[in-house]
Amino acid sequence: MALTSSTIFRSAFDPTTESTPNPHPHQLVSPKSYCVQGFSGSVDRDSAADFAAALDRVISGPVDGIVLDFSGLNFFGTVGLVLLRSFIDDAGRRFVPVVLVGGRAVTRPLELCGMAPYVKTFESIEDAGRALTQDQVGPSTVEFTVTE
């Protein structure tokens, strides 16, 4: 199955999640924003370039956090793990936290390769967004390294 992706930008004060505060008329409100990058299908050798391009588009935007929605993936291969690792390292250097939404098809490979302690996963986009906007998740400060 081919890989498809979609991008949605959300704010901490998105009317679907929380009510907007009433600021003073001369006060500027700059709510935290986060990007939800959704994927469906398979991340494998054939779709690696599309997966990498979608991740590159996300990290280049001005956001306070990133939610990678992998709930629509039915396969997440080793090439996806390599690209995800590089993406999380890059986001950490930019002080942008990254969280994942996904089921066992994603969490199991993360566990097997040792990335699970460094990447928070959530059951829903709403839970992930709430964690980002309420400072429950910070950027990864540990770059993944292979020990010899």
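**Buried rings and the core**

Guide: Phe76 has a relative accessible area of 5% and is therefore buried, where buried means under 20% relative accessible area, exposed over 50% and partly exposed in between, with a 1.4 Å probe and protein chains only. The model is a predicted one, in which local features need pLDDT of at least 70, side-chain atom pairs count only at pLDDT 80 or more, and totals for chains, interfaces and linings use all residues. Residues are numbered from 1 along each chain as its sequence is written, and side-chain values use heavy atoms, with hydrogens and water left out.

Visitor: In what order do the elements of the protein chain run from the N terminus on?

Guide: Helices (H or I, at least four residues) and strands (E, at least two) are DSSP runs, numbered from the N terminus. The protein chain has four helices and five strands. From the N terminus on, their order is β-β-α-β-α-β-α-β-α.

Visitor: What percentage of the residues in the protein chain is buried?

Guide: The accessible surface, from the Shrake-Rupley method with a 1.4 Å probe and with only the protein chains shown as cover for residues, comes to about 8400 Å² for the protein chain, and carbon and sulfur atoms hold 52% of this surface. Of the 148 residues in the protein chain, the buried share is 41%.

Visitor: How many aromatic pairs are there, and which residues do ring pairs link into a cluster?

Guide: Rings of Phe, Tyr and Trp (its six-membered ring) pair if their centres lie within 6.5 Å; planes under 30 degrees apart count as stacked, over 60 as edge-to-face and the rest as tilted. By this rule, the count is five aromatic pairs. The cluster linked by ring pairs consists of Phe39, Phe51, Phe70 and Phe76.

Visitor: What are the centre distance and plane angle of the pair formed by Phe51 and Phe70?

Guide: Phe51 belongs to helix α1 (residues 48-59) and Phe70 to strand β3 (residues 65-76), so this pair links distant parts of the chain, 19 residues apart. Both Phe51 and Phe70 are buried, the latter at 1% relative accessibility. Their rings form a tilted pair, with 6.0 Å centre to centre and 50° between the planes.

Visitor: On which side of α1 do its buried residues lie, the same side or opposite sides?

Guide: The buried residues of α1 are Ala48, Phe51, Ala54, Leu55, Val58 and Ile59. They cover an arc of only 130° around the axis, taken from the directions from the helix axis to the C-beta atoms. Ala49, Asp56 and Arg57 are exposed on the other side of α1.

Visitor: How far apart are the end C-alpha atoms of α1?

Guide: The expected span of a helix is 1.5 Å times one less than its number of residues. The 12 residues of α1 should therefore span 16 Å, which agrees with the distance between its end C-alpha atoms, 17 Å.

Visitor: Which residues touch the most other members of the largest nonpolar core?

Guide: A nonpolar core is a set of buried Ala, Val, Leu, Ile, Met, Phe, Trp, Tyr and Cys residues joined through side-chain atoms within 4.5 Å. The largest one has 27 residues, and those that touch the most other members are Phe39, Ile66, Leu68, Phe70, Phe76, Leu84 and Phe87.

Visitor: Which residues are in contact with Leu84, leaving aside its neighbours within four places in sequence?

Guide: Contact means heavy atoms within 4.5 Å. With neighbours within four places in sequence left aside, the partners of Leu84 are Phe51, Leu68, Phe70, Phe76, Leu100, Leu110 and Met115.

Visitor: Is Phe95 buried or exposed?

Guide: Phe95 is placed in the loop between α2 and β4. Most residues other than glycine have a negative phi. Phe95, although not a glycine, has a positive phi of about 60°. Its relative accessible area is 66%, so Phe95 is exposed.
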